[in-house]
Amino acid sequence: AEEEQLDTAEIAFQVKEQLLKHNIGQRVFGHYVLGLSQGSVSEILARPKPWRKLTVKGKEPFIKMKQFLSDEQNVLALRTIQVRQRGSITPRIRTPETGSDDAIKSILEQAKKEIESQKGGEPKTSAAPLSIANGAGPASTSEDALKSIL
């Protein structure tokens, strides 16, 4: 099925706005949401190509960015990760080359493990991972918001 045509310039603008508003670095955003380096994120956000000129692989970051923007809880979770990381990011896990849902799931699982290890606890495996495209219910704290997304 052909994906809807996305306005890549508008998506890039909105992502840049949210990253600035919440003081989230491109490195953290690229690591946890897109599975890309900071340099690649910078290039995509600064000079987004028109949708029709992108390859299937080139469209994936914009699909992920649109999913990320679809729920404020995603932004809040990433802000929480940014605050806890304070610039220290482990080398990124290789994500599957096919299926952005699998890539997002893998990134969120890695984020969950890193957060749990910082707390000194063991990662909880009882909760099913939630795709970033699905919304999470309202949470009382950013900690709850993060848990509901992860």
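**Confidence, helices and contacts in a predicted model**

The protein has a mean pLDDT of 75, with 63% of its residues at 70 or more; pLDDT is the predictor's confidence in each residue, from 0 to 100. This is a predicted model, in which local features need pLDDT of at least 70, side-chain atom pairs count only at pLDDT 80 or more, and totals for chains, interfaces and linings use all residues. Residues are numbered from 1 along each chain as its sequence is written, and side-chain values use heavy atoms, with hydrogens and water left out.

Student: How many contacts beyond four places in sequence does the model have for residues 91-98?

Tutor: Contact means heavy atoms within 4.5 Å. Over residues 91-98 the pLDDT stays under 50. Where pLDDT is low, the predicted coordinates should not be read in detail. The number of such contacts in the model is 13.

Student: What is the distance between the end C-alpha atoms of helix α4?

Tutor: Helices are DSSP runs (H or I, at least four residues), numbered from the N terminus. The expected span is 1.5 Å times one less than the number of residues. For the 14 residues of α4, residues 56-69, that span is 20 Å. The model agrees, with the end C-alpha atoms apart by 20 Å.

Student: Which residues of α4 are buried?

Tutor: Buried means under 20% relative accessible area, exposed over 50%, and partly exposed in between (1.4 Å probe, protein chains only). By that rule, the buried residues of α4 are K59, E60, P61, F62, I63, K64, M65, Q67 and F68.

Student: Which residues touch the most other members of the largest nonpolar core?

Tutor: A nonpolar core is a set of buried Ala, Val, Leu, Ile, Met, Phe, Trp, Tyr and Cys residues joined through side-chain atoms within 4.5 Å. The largest such core has 26 residues. Elements giving two or more residues to this core are α1 (8-21), α2, α3 (38-46), α4, α5 (72-85) and α6 (100-119), and α2 gives the most, with five residues. The members that touch the most others are F29, F62, M65 and L78.

Student: Why is the aromatic pair of F29 and F68 classed as it is?

Tutor: Rings of Phe, Tyr and Trp (its six-membered ring) pair if their centres lie within 6.5 Å; planes under 30 degrees apart count as stacked, over 60 as edge-to-face and the rest as tilted. The count by this rule is one aromatic pair. F29 is in helix α2 (residues 26-34) and F68 in helix α4, 39 residues apart. Their ring centres are 5.1 Å apart and the planes stand at 70 degrees, so the pair is edge-to-face.

Student: Is F29 buried or exposed?

Tutor: The relative accessibility of F29 is 0%. F29 therefore counts as buried.

Student: Which residue forms a salt bridge with R47?

Tutor: A salt bridge is a side-chain nitrogen of Lys or Arg within 4 Å of a carboxyl oxygen of Asp or Glu, and a search of the whole structure finds one. R47 is exposed, at 55% relative accessible area, while E43 is partly exposed, at 39%. With the closest N and O atoms 2.8 Å apart, the partner of R47 is E43.

Student: Which residue other than glycine has a positive phi near 55 degrees?

Tutor: Most residues other than glycine have a negative phi. The residue in question lies in the loop between α1 and α2 and is exposed, with a relative accessible area of 63%. The residue is N23.
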